[in-house]
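Student: Could you walk me through this structure, one feature at a time?
Tutor: Gladly; let us look at it together.
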Amino acid sequence: MAELDLGKHCQIDSCNLKDFLPFVCDYCSGVFCLEHRSREAHSCPEDSVKREPRTTGGSTSYPCSFEDCKGKELLPVICPQCEKHFCLAHRHQDDHKCEKLEVQKPRMAATKELVQKIVESKDGSKSKGRRGAKNSATAAKVALMKLKLHAAGDKGLPQTERTYFQVYLPKESKDSSQPMFFCSKWSVGKVVDYAASLASLKNNNNILAAKKLRLCHPQTGEALRMDDTLLSLLAHPETPLYNGGNVILEYLDNECTGLEDVSNYIMQT
C-alpha cells in the first residue's frame, strides 16, 4: 500500500519542520509551522507593504488589511490587538476576524456558571434550612446599607458596635416595622426595652402576670433568651441573626416559647 504524504514542510530554511496542519500566511501565501505562523515569526515580506500608507496624488491613504477589502481611510484606523490598519467597516475585532480576538474568557465564565448550577442542583447534602440561611444572609447584606440611612438608635454608639435590624412590631401597633440599631454588646432584654421605647410600645415585662414583650427569630419564630447578647446570636452557627436582617417584637404569654406563624409579620425576607 502506498504511503500517504500528509502535511507540508515549513518554508523557513532553518526550520523545515513538517507540519500535518500547516498554516498559510494571508499576506505572502507562504506555508509555515505553528511556531512560524505569525508574520513576525517568518519576517513576512508583504507585511510592511500592507502596513505602510500609500501616497497617491499628494494625499496619503491607509488601505484596509482585511482580505479582499479595497477600502481606504485618510486617517489610520489601527486595531489595538493585532495592530493592523482597517477601514471603518472592518475596524472592530469581530468585523475583521481578528487573530487575537478574545472569546475564550466569556465562554469559560458561562461554562463555569452552568457547571456550578448543575452541581448545586445535584447536591443533596444542602438542606432547605441552610439554603434559607444563605438567602437570609445575602438579603441582610443588601438591606444593611439602606438601614444605616434610616435606622433610629443611640447616636452616641460607635459605628463598630452598632447592629442594625428591621424590627417588625406587634400586630396591634400602628406601624408594621421600623429600622433600628442597637449595641452589639447589649442583652436581648435591653434590646427589647430600648426598641419598645423607640416604637412607643407598652412594656409590662416587669409585671409578673402580664404578657411579655419578646424578641423572636424571623425564620423559626423562637423567642430569644433575654440574657443572650446580640454578639452571641450573630455568631450562632445554626439559627443566627444577621446585621441588617429582621427580628420580630411581639407580646407573648408567659408560657409561650415563640410565634407559630412568622409569615404574618414578614411577607418577604
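Student: Which residues does Ile12 touch, not counting residues up to four places away in sequence?
Tutor: A contact means heavy atoms within 4.5 Å. Leaving out residues up to four places away in sequence, Ile12 touches Phe32, His36 and His42. Before we go on, note that this is a predicted model, in which local features need pLDDT of at least 70 and side-chain atom pairs count only at pLDDT 80 or more, while totals for chains, interfaces and linings use all residues. Residues are numbered from 1 along each chain as its sequence is written, and side-chain values use heavy atoms, with hydrogens and water left out.

Student: Where does Ile12 sit, and is Ile12 buried or exposed?
Tutor: Helices (H or I, at least four residues) and strands (E, at least two) are DSSP runs, numbered from the N terminus. Ile12 falls in the loop between β1 (8-9) and β2 (18-19). Buried means under 20% relative accessible area, exposed over 50%, and partly exposed in between (1.4 Å probe, protein chains only). Ile12 has a relative accessible area of 19%, so Ile12 is buried. Ile12 and His42 are 30 residues apart along the chain, yet their C-alpha atoms are separated by 6.9 Å.

Student: What about His36: where is its place?
Tutor: His36 is in the loop between β4 (31-32) and α1 (47-51). His36 counts as buried because its relative accessibility is 12%. Not counting residues up to four places away in sequence, His36 touches Cys10, Ile12, Cys15, Ala41 and His42.

Student: Which residues lie nearest the centre of the largest pocket?
Tutor: On a 1 Å grid over the protein atoms alone, a pocket is an open set of points where a 1.4 Å probe fits, with protein on both sides within 12 Å along at least five of seven lines; lining residues have an atom within 4 Å of a point. The largest pocket is lined by 21 residues, and Asp26, Tyr27, Arg39, Lys84 and Glu99 lie nearest its centre.

Student: Why does the largest pocket lie between domain 1 and domain 2?
Tutor: Domain bounds come from an automatic or database domain assignment. The largest pocket lies between domain 1 (8-43) and domain 2 (60-98) because both give residues to its lining.

Student: Which residues have the most contacts inside the largest nonpolar core?
Tutor: A nonpolar core is a set of buried Ala, Val, Leu, Ile, Met, Phe, Trp, Tyr and Cys residues joined through side-chain atoms within 4.5 Å. The largest has 29 residues, and Val167, Phe182, Leu201, Leu215 and Leu249 have the most contacts inside it. The elements giving two or more residues to this core include α3 (128-150), β8 (162-168) and β11 (245-252). α4 gives the most, with five residues. Beyond its neighbours within four places in sequence, Val167 is in contact with Ser176, Ser177, Gln178, Met180, Phe182, Val247 and Leu249.

Student: How should I read a positive phi, and where is Ser29?
Tutor: Most residues other than glycine have a negative phi. Ser29 has a positive one, near 65 degrees, and Ser29 is in the loop between β3 (23-24) and β4. With 52% relative accessibility, Ser29 counts as exposed. Glu83 also has a positive phi, near 60 degrees, and Glu83 lies in the loop between β7 (72-73) and α2 (104-122).

Student: How many helices and strands does the protein have?
Tutor: The secondary structure comes to five helices and eleven strands. Of the 269 residues in the protein, 35% are buried.
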